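Colleague: I'd like to go through this structure with you and ask a few things as we look. Can we put it up?

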Amino acid sequence: MVDLKQLASKYKTPLYLYDFTHMQAQYEQLKQAFSARKSLIAYAVKANSNLSVINHFAKMGSGADCVSIGEVKRALKAGVSKYKIIFSGVGKADEELEEALKEDILMINLESEAEMHRLEAIAQKMGKKARISIRVNPNIDPQTHPYISTGLHENKFGVEIDVAKKMYIHANASDHLDPVGIHFHIGSQLTELAPIKEAAGLVADLVRSLKAAVGVEIKFFDIGGGLGVIYKDETPIDPAKYAQVILDALEGQDLTIVCEPGRFLTANAGYFLTRVLYEKQNGSKRFVIVDGAMNDLLRPSLYNAYHKIETVEVEGEKTPANVVGPVCESGDFFGKEVELPPLEHNDLIVVRSTGAYGFTMASNYNTRVKPAEVALENGKDRLIRKRETFEELIADEEEFLQNV
Ligand code: LLP
């Protein structure tokens with residue numbers, strides 16, 4: 001393993017570290033699982049959108065699943081081929097649709113009838129034919145945290161199967177829409193295969209009936225992301241079994257499989273390194289206060305998500321402690337009742353599995369600068385985003401300041 005002490009003094013803390021070799025192994029494992037068919041892995045850049053991370057996957061042949069025009073531009077900048085970029089999302093602004101059309105990306109994933117009509121009008125105005133897919137909401141419970149469940153009618157995502165059918169018929173007859181794909185994504189951190197199998201079966205049946213009944217020829221079968229990872233003691237889905245379920249659902253159909261993993265590719269590549277500021281005892285409660293906070297890593301506060309917390313080269317008898325940050329919120333914690341040895345000022349703590357939805361969900365709350373990001377590859381470390389500065393944080397406001 002790398003020398004965390006040395007990295008902490010070189011780059012300071014709090015700090016995100018990403019093991020690029022692990023990311024590559026994850027990508028290759030998934031790509032291999034789908035080798036029986038044409039497939040495209042479109043990395044869900046929302047999980048970790050550092051340009052160097054996206055570029056790392058682009059070099060392996062990855063596409064990008066994007067949820068804003070900003071993410072589309074990041075993917076392009078990082079070297080992803082435009083014909084491998086998908087633009088999803090439940091609400092896209094006119095300017096975003098226009099820009100996506102201008103960039104001529106692989107497809108725009110539609111999530112409502114209203115959005116289809118908007119895109120059609122924009123494409124007409126621009127004299128273009130928009131390649132689209134439609135996100136089907138199969139009304140299946142993915143058995144995950146309610147905040148990251150997306151495939152039920154009670155969730156805002158996608159359209160019902162009957163509405164999708166209607167949309168495909170309309171799009172197929174339109175001069176400005178080209179229905180090339182179909183999409184579903186039922187949730188994130190999935191550890192059960194059955195809901196994916198059910199959803200894939202339903203959507204594959206829809207593809208068959210669209211072809212037979214209305215002559216719509218779909219080329220891309222986009223199964224979304226969602227593959228879960230081990231944070232604590234979960235049993236994740238085996239990628240080979242995952243792929244088999246999809247291959248079975250598509251039997252007899254000639255489609256390119258697209259999948260959009262985010263967490264699977266990056267979560268366990270990430271380490272969040274933070275230093276102990278102080279220890280304190282409030283009554284019977286032991287607190288370890290560190291220099292990182294919920295603004296840097298939000299998952300524990302937002303989802304009560306578990307992340308393994310370890311010390312670096314500290315010995316001693318372990319007792320339970322809450323590991324908390326300096327932000328002025330009781331919800332600012334990384335772990336509760338974590339067994340830790342006695343800690344001193346400047347001791348190091350690692351929060352694991354933080355390569356997905358870590359930095360991308362960071363904010364400047366409490367006027368805290370966002371941490372630096374470092375890539376680890378072939379025994380070397382390299383800065384891929386520098387720590388923000390206070391001057392950068394206030395730059396957009398300073399010019400409007402009056403009477404000082
Ligand atoms: N495709 C679509 C359409 C998505 O909405 C998502 C994630 C993905 C792919 C990638 O899912 P993954 O493979 O990473 O599970 N912030 C939450 C996760 C939100 C996921 C949103 N959509 C968290 O920290 O757990």
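Colleague: How many salt bridges are there between domain 1 and domain 2?

Modeller: First, the ground rules: this is a predicted model, where local features need pLDDT of at least 70, side-chain atom pairs count only at pLDDT 80 or more, and totals for chains, interfaces and linings use all residues. Residues are numbered from 1 along each chain as its sequence is written, and side-chain values use heavy atoms, with hydrogens and water left out. A salt bridge here is a side-chain nitrogen of Lys or Arg within 4 Å of a carboxyl oxygen of Asp or Glu. By that rule, the count between domain 1 and domain 2 is 0.

Colleague: And how many residue pairs in polar contact are there between domain 1 and domain 2?

Modeller: A polar contact is a pair of N or O atoms within 3.5 Å; within protein, one must be able to donate a hydrogen and the other to accept it, and residues adjacent in sequence count only if both atoms are side-chain atoms. With both residues at pLDDT 80 or more, the number of pairs is 7.

Colleague: Which three residues supply 36% of the area that domain 1 buries against domain 2?

Modeller: The bounds come from an automatic or database domain assignment, with domain 1 at 4–15 + 268–392 and domain 2 at 34–261. Together the two bury about 1400 Å², 51% of it on carbon and sulfur atoms; buried area is the accessible area (1.4 Å probe) that two parts lose on being put together, summed over both. On the domain 1 side, more of that area comes from this trio than from any other three residues: Tyr303, Tyr306 and Tyr357.

Colleague: How many residues of domain 2 are in contact with domain 1?

Modeller: Contact means heavy atoms within 4.5 Å. The centres of the two domains, taken over C-alpha atoms, are 34 Å apart. Domain 1 brings 18 residues to the contact, and the number from domain 2 is 16.

Colleague: Leu17 next: buried or exposed?

Modeller: Leu17 sits in strand E1 (residues 15–19); helices (H or I, at least four residues) and strands (E, at least two) are DSSP runs, numbered from the N terminus. Leaving aside neighbours within four places in sequence, Leu17 has contacts that include Leu4, Tyr271 and Val374. Buried means under 20% relative accessible area, exposed over 50%, and partly exposed in between (1.4 Å probe, protein chains only). Leu17 has a relative accessible area of 0%, so the word is buried.

Colleague: Which residues is Gln26 in contact with, leaving aside its neighbours within four places in sequence?

Modeller: Gln26 belongs to helix H2 (residues 20–33). It is buried as well, at 14% relative accessible area. Its contacts beyond those neighbours are Phe264 and Leu265.

Colleague: Which residue forms a salt bridge with Asp94?

Modeller: Asp94 lies in helix H5 (residues 94–103) and its partner in helix H6 (residues 113–125), so the pair ties together parts that are 24 residues apart in sequence. Asp94 is partly exposed, with a relative accessible area of 24%. The closest N and O atoms are 2.8 Å apart, and the partner is Arg118.

Colleague: How far apart are the closest N and O atoms of Asp65 and Lys46?

Modeller: Asp65 is in strand E3 (residues 63–66), while Lys46 is in the loop between strand E2 (39–44) and helix H3 (51–59). Asp65 is buried at 3% relative accessible area, whereas Lys46 is partly exposed at 28%. Their salt bridge has its closest N and O atoms at 3.5 Å.
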